[in-house]
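Please read the following report alongside the sequence and the coordinates. It goes from the core to the sheet, and then to the ligand shell and a helix residue.

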Amino acid sequence: PRSYVITGAASGIGAATAALLRERGETVIGVDLKGTEVEADLSTPAGREAAAARAVELAGGSIDAVIACAGIAAPIALTVSVNYFGVTDFLEYLAPVLAKSPAPRAVVVSSMASLQANSPELVEALLSGDEPAAVEIGAALAAAGPASGYLNYPSSKRALSRWVRRECISERWAGAGIPLNAVAPGTVISPMTEKLLSTEEGRKMVDSSVPMPLNYHSDSIVLARLLAWLTSEENTHTTGQTIYADGGADATLRGDNI
Ligand code: NAD
């Protein structure tokens with residue numbers, strides 16, 4: 001079996017991916033705040049380092065793929081710490097271990113929101129790797145009200161998709177034979193969206209910004225299957241991509257102007 005490390009494995013997309021891979025006979029080490037093999041807080045530098053070290057230990061030093069699903073959508077600065085640095089730092093710790101695998105793969109979960117209005121200043125701070133500066137900008141956005149606070153989420157995902165594209169061709173990733181990609185869900189029925197999707201008003205709001213003409217909202221398993229393929233041995237040449245599994249939302253919003 002291949003050995004997978006999955007963050008956010010206690011819930012939603014991460015839990016569905018862990019279950020799918022286990023069903024297929026693979027070994028999965030889940031990472032989450034609680035309820036998984038590794039319990040850690042990916043919002044802090046120390047938590048990321050400890051999580052990576054523990055995952056390597058539990059895997060006996062051999063990891064074939066990392067799938068980073070952990071994320072939050074709250075209109076607060078914590079969102080940039082979890083969604084961006086909780087992914088990029090964690091992957092960077094594990095890259096040298098992955099590089100020893102005969103078929104190493106990495107994938108992160110971005111979002112349709114990576115295409116929404118964001119804070120360019122925050123995106124630049126994230127891409128520069130300056131976490132204190134990014135958190136300061138995120139906190140100022142949050143303090144200015146909920147609409148502005150929400151910008152933390154699309155900014156974190158925009159930066160994450162750009163990070164994947166920028167990093168994938170480096171020595172650490174392509175140079176070590178590691179495809180590095182992102183997936184971008186539309187609206188997924190999961191604990192993250194449960195409350196919002198339970199009212200007609202909430203559904204209207206979501207659907208107006210993320211229209212899904214093909215098959216409407218998805219279950220987590222839809223993303224799990226894509227994440228599993230991107231991290232399988234079959235994927236040898238797809239890298240740097242943000243793959244939209246969004247029921248046509250990207251095609252609706254951007255048309256053929258790509
Ligand atoms: P979810 O809330 O069901 O699962 C997210 C998991 O991340 C939870 O188990 C949570 O405990 C974990 N997590 C949060 N903060 C953490 C931290 N500091 N340290 C460790 N783990 C932490 O949500 P989901 O819908 O499965 O979302 C998974 C990913 O998909 C997220 O990155 C989210 O942004 C993205 N996404 C979701 C949707 C959607 O509609 N649900 C759409 C686009 C993108």
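## Nonpolar core

The largest nonpolar core has 78 residues, and those with the most contacts inside it are Val 5, Ile 6, Val 66, Ile 67, Ala 68, Leu 94 and Leu 122; such a core is a set of buried Ala, Val, Leu, Ile, Met, Phe, Trp, Tyr and Cys residues joined through C-beta atoms within 7 Å. A residue is buried if 20 or more other C-beta atoms lie within 10 Å of its own, exposed if 12 or fewer, and partly exposed in between, with C-beta atoms placed from the backbone. Helix H3, residues 78-98, gives the most to this core, with 11 residues.

The model is predicted, so that local features need pLDDT of at least 70 and side-chain atom pairs count only at pLDDT 80 or more, while totals for chains, interfaces and linings use all residues. Residues are numbered from 1 along each chain as its sequence is written. Leaving aside neighbours within four places in sequence, Val 5 is in contact (C-beta atoms, placed from the backbone, within 7 Å) with Ile 29, Val 31, Ala 55, Ala 59, Ile 63, Val 66 and Leu 94.

## The sheet and its order

An open sheet of 7 strands, with parallel pairing, has the order S3-S2-S1-S4-S5-S6-S9; helices (H or I, at least four residues) and strands (E, at least two) are DSSP runs numbered from the N terminus, and two strands pair if DSSP finds at least two bridges between them. Strand S3 (38-39) and strand S9 (242-245) stand at the edges, each with a single partner strand, so one side of each is left without a neighbour in the sheet.

Strand S1 (residues 3-7) and strand S2 (residues 27-32) run parallel and are joined by 5 bridges, with Val 31 in S2 as the bridge partner of Thr 7.

Strand S5 (residues 105-109) is mostly covered, as 5 of its 5 residues are buried. Both faces are covered: Arg 105, Val 107 and Val 109 lie on one side, Ala 106 and Val 108 on the other. In a regular strand the side chains alternate between the two faces of the sheet.

Strand S4 (residues 65-68) is joined to S5 by 4 bridges and runs parallel to it, and Ala 106 in S5 is the bridge partner of Val 66. Another 4 bridges join S5 to strand S6 (residues 180-185), also in parallel, where Val 107 stands opposite Asn 181. S4, H3 and S5 make a right-handed β-α-β unit, meaning that, with the strands pointing away from the viewer, the path from the first strand over the helix to the second runs clockwise.

## Ligand shell

The ligand is surrounded by 27 residues (C-beta atom, placed from the backbone, within 6 Å of it), of which the closest are Gly 8, Ser 11, Gly 12, Gly 71 and Ser 190. Helix H1 (12-23) and H3 are the elements that give two or more residues to this shell, and H1 provides the largest share, 3 residues.

By class, the shell has 14 nonpolar, 11 polar and 2 charged residues; here Ala, Val, Leu, Ile, Met, Phe, Trp, Tyr, Cys and Pro count as nonpolar, Asp, Glu, Lys and Arg as charged, and the others, Gly among them, as polar.

## An exposed helix residue

Glu 57 is found in helix H2 (residues 45-58) and is exposed, with 11 other C-beta atoms within 10 Å.

Terms used:
Two residues are in contact if their C-beta atoms, placed from the backbone, lie within 7 Å.
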